[in-house]
Amino acid sequence: MEAYESVLLVKNEVFVFKIPPKQTNRGYRAADWNLQEPQWTGRMRLVAKGDELVMKLEDKASGELFAKCPIDKYPGLALEAVNDSSRYFVVKIQDDNGRSAYIGLGFGDRSDSFDLNVALQDHFKWLRKEQEGDQGQQQQLDLSFKDGETIKINMKITKKDGSEGSRPRRAGTAPGGLLPPPPGGSKLPPPPSPQHVPNPFGAPATNTEWGDFNSASAPSPQAKPTTPANQQNWVQF
């Protein structure tokens, strides 16, 4: 996927100066430039495309490119601040043939130079995080199995008595694979006696223990027995 171009900063008025060679190792001084007579005035755009960052100096009206400065790091040799002012920088410009030259770049207001510093710092901070994230992904261990690769695990299981077993016993089973007895250890109640079993046909059950009384209390329909007066209460029983 092709990276898109993003504009990080635009300043519509910047000044370009011709600078003398650096005489000492202490850096550049804007006071040594002819600040009253800039060599060029135009627009500055800071453009990022992927990992590349370029400062472009363009004509304000036509947008024609005057010079460009590839910036690989900041602070660095491509863009260097002067020692005596926060509004001026030394810029290393390059053409398409690889030739380079150093020019002076200045802003009319300190807030413009402050915006340039912030934009450069934010870009390279983001770039470092992206590179660290890519390196972290590459350094992750690949623990996946390759084709035909197997793994063997030896498990040693210790029982409660201290002896070692080949495999653990499933919870809730007794020795030999039998299910354990129900909790509480209570026995099932005995089956009911025959006289307490309900008759499925709805007829009353015959009570063998009271058989004599049942036969006595059920006279034959053909002959009506004569009962003495003093025995009537017993017949009702």
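Two strands are taken to pair if DSSP finds at least two bridges between them. In this predicted model, strand β6, residues 88-94, and strand β7 pair in the antiparallel sense over seven bridges. Within this pairing, Phe89 stands opposite Leu105 of β7. The two strands β6 and β7 form a hairpin with five residues between them, and Gly98, which lies in the turn, has a positive phi of about 95 degrees. Strand β7, residues 100-107, is also joined to strand β1, residues 5-17, by four bridges, and β1 and β7 run antiparallel.

Strand β2, which spans residues 40-49, contains Arg45. Because buried means under 20% relative accessible area, Arg45, with a relative accessible area of 19%, counts as buried. The side chain of Arg45 makes a polar contact with the side chain of Glu58, at 3.0 Å. When neighbours within four places in sequence are left aside, Arg45 is in contact with Val7, Leu9 and Val10, as well as with Val54, Met55, Lys56 and Glu58.

Ala67 is placed in strand β4, and its relative accessibility of 10% means that Ala67 is likewise classed as buried. With neighbours within four places in sequence again set aside, the residues in contact with Ala67 are Met55, Lys56, Leu57 and Ile93.

The loop between β4 (65-70) and β5 (79-81) holds Pro75. The peptide bond that leads from Tyr74 to Pro75 is cis, with an omega near -5 degrees.

On the surface, a nonpolar patch is formed by Phe145, Ile151, Ile153 and Met155, which together have about 520 Å² of accessible area. One of these residues, Met155, is situated in the loop between α1 (110-138) and β8 (157-158). Since exposed means over 50% relative accessible area, Met155, with a relative accessible area of 66%, is exposed, whereas Arg45 and Ala67 are buried.

How values were computed: Residues are numbered from 1 along each chain as its sequence is written. This is a predicted model: local features need pLDDT of at least 70, side-chain atom pairs count only at pLDDT 80 or more; totals for chains, interfaces and linings use all residues. Side-chain values use heavy atoms; hydrogens and water are left out. Buried means under 20% relative accessible area, exposed over 50%, partly exposed in between (1.4 Å probe, protein chains only). Contact means heavy atoms within 4.5 Å. Patches are made of residues with over 30% relative accessible area and no salt bridge: like charges are joined within 9 Å, nonpolar side chains (Val, Leu, Ile, Met, Phe, Trp, Tyr) within 5 Å. Accessible areas come from the Shrake-Rupley method with a 1.4 Å probe; for residues, only the protein chains shown count as cover. A salt bridge is a side-chain nitrogen of Lys or Arg within 4 Å of a carboxyl oxygen of Asp or Glu. A polar contact is a pair of N or O atoms within 3.5 Å; within protein, one must be able to donate a hydrogen and the other to accept it, and residues adjacent in sequence count only if both atoms are side-chain atoms.
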